[in-house]
Amino acid sequence: MVSVLGVSVGASAVRVAYPDDEGAVFRSFPVDAASEHPEHVVADAIGTVMAERADDVQVFGVAYRDEAQAAAVQAAIDCRLVPEVTAALRMLEASGQLGDHSTLVFYDLGSSGLTVTVVDRLTGTVLGTARTDEISGDVVDRLIRDHQLDEKRIAPPADAAAESALDARCRRAKEELSTNSAVCVPGDGGLLLLSQDILDSLIVRHVEASARLAREVIESSGRAADAVVLIGGGAHIPLVASLMESWLALPVIVPAQPELVAAEGAALLAQEHSGTSHRIGAGGFAKPVIRGGALAGGALAVVAVIGLGLGVGGSHLQSSDGDARPVATQPSDAEVSPSPAPAPVSTPPPSAAVSVPGPAEEEASVPEPAPAPAPAPRPLIPGLPQIQLPTLPPPPPLPPLPRIPGL
């Protein structure tokens, strides 16, 4: 059986997707930004997944965000390149969410910046694109941290390790606010308390600026857009969807897992073109050479999508080079909380003996079902422990009063 892999690369995580009978399975490999580059983790991530699977995997290509990133990826893996927009568009087509829209605006908010791209759906042509680092997942995390410190809600970090831990708590608070109105994240220095209203007030000007940028890209493309597609971890922020809809007066499409669009689309492309010599977008196919001996032997099938990452949810891209308007072939970079791999289903070993009771024994051994316990009360603020009041016994009865003669 020939299997396929799709890979998306972010600043803080490399995600590998491969299809199974029930859909796509994702693996996340963290990137230590202080000591390594994301593209250097690609080969190791592929090698890890290959070692866990017995399938014959063949290679297709790597999607790139810009020429510098393409050169970095080819330094680790010798393969052809595939446009990132092609993979994202393929996954969205498969999801059935695009309806009859023909001109799409990709709003890709990742950890290191925002990329806005206008795409012709039929041809996959990029009609206009621009990038900014004025808003990103990292910027939102920094705004949360500065607010907590300014309000003296938490103690300032004492060293680099404490600062890194505080950044992780701010990122976690941002992620949890995608489904909660208020969160509490414990840690050294005190509780990090944050509400959705406070977060909105911190980021509203940055999101509005991004909406103005999207307007400019649409106008410069020369086409009337039909819909906005939110990609990357930033799509989980409720304010982003509401402001894009009101500022652009366009329907907003949010995929179920916006941070995984690139990896899943890459896996779909790899599956469709497995064993062929067709081209995917502007890239061709080639057998890969994993530099540095990360993989030994065997044909690999990899479609790596570079640039789409997570700001909310975990995967992050490399920091922006500061270009507000990159070349038209430059897709997005996004990033978010890494998705955990599905837990394997445990089955009993073949040699285990199972005894089946007879009818009489079964009747005698089946106990009466115990009543279901009462559900625990829902916490007022997520993260805070609930106070359990003790149950007091009823007071003893009062002694009878003596009767007074003559009354």
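Tyrosine 18 counts as buried, at 11% relative accessibility, where buried means under 20% relative accessible area, exposed over 50% and partly exposed in between, for a 1.4 Å probe and protein chains only. The structure is a predicted model, in which local features need pLDDT of at least 70, side-chain atom pairs count only at pLDDT 80 or more, and totals for chains, interfaces and linings use all residues. Residues are numbered from 1 along each chain as its sequence is written, and side-chain values use heavy atoms, with hydrogens and water left out.

Tyrosine 18 belongs to strand S3, residues 13-20. Helices (H or I, at least four residues) and strands (E, at least two) are DSSP runs, numbered from the N terminus. The C-alpha atom of tyrosine 18 is separated by 5.8 Å from that of alanine 267, although the two residues are 249 apart along the chain.

For the protein as a whole, the secondary structure comprises 9 helices and 17 strands. Of the 407 residues, 44% are buried. Contacts (heavy atoms within 4.5 Å) were also sorted by sequence separation. Among those with a separation of 6 or more, 69% join residues 24 or more positions apart.

Two helix pairs were examined. Helix H3 (residues 84-95) packs with helix H8 (residues 261-272) at an angle of about 85°, their axes lying 7 Å apart. H3 is therefore roughly perpendicular to H8. Axes are lines fitted to C-alpha atoms, for helices over the stretch in contact, and angles run from 0 to 180 degrees between N-to-C directions. Angles under 35 degrees count as roughly parallel, over 145 as roughly antiparallel, 65 to 115 as roughly perpendicular and the rest as oblique. From H3, the residues in contact include Thr86, Met91 and Ala94, while those from H8 include Val261, Gly265 and Leu269.

In the second pair, H4 and helix H6 (residues 196-221) pack at an angle of about 130°, with 10 Å between their axes. This angle makes H4 oblique to H6. The crossing of H4 and H6 is right-handed; a crossing is left-handed if the near helix is turned anticlockwise from the far one by less than a right angle, and right-handed if clockwise. On the H4 side, Val139, Val140, Leu143, Ile144 and His147 take part, and they meet Ile198, Leu199, Leu202, Ile203 and His206 of H6.

Aspartate 120 lies in strand S10, residues 114-120, and is buried, with a relative accessible area of 11%. A polar atom of the aspartate 120 side chain lies 3.1 Å from the backbone nitrogen of leucine 122. Beyond neighbours within four places in sequence, aspartate 120 is in contact with Ser102, Thr125, Leu127 and Arg223.

Positive phi values were found at residues other than glycine. Lysine 152, with phi near 55°, is placed in the loop between helix H4 (137-150) and helix H5 (160-176). Lysine 152 counts as exposed, at 71% relative accessibility. Alanine 249 likewise has a positive phi, of about 55°, and occupies the loop between helix H7 (238-248) and strand S15 (252-253). With a relative accessibility of 65%, alanine 249 counts as exposed.

Cysteine residues were also considered. The structure holds 0 disulfides, a disulfide being a pair of cysteine sulfur atoms within 2.5 Å. Cysteine 170 is buried, with a relative accessible area of 0%, and cysteine 184 counts as buried at 1% relative accessibility.

Conventions: Polar contact = N/O pair within 3.5 Å; in protein donor to acceptor, adjacent residues only side chain to side chain.
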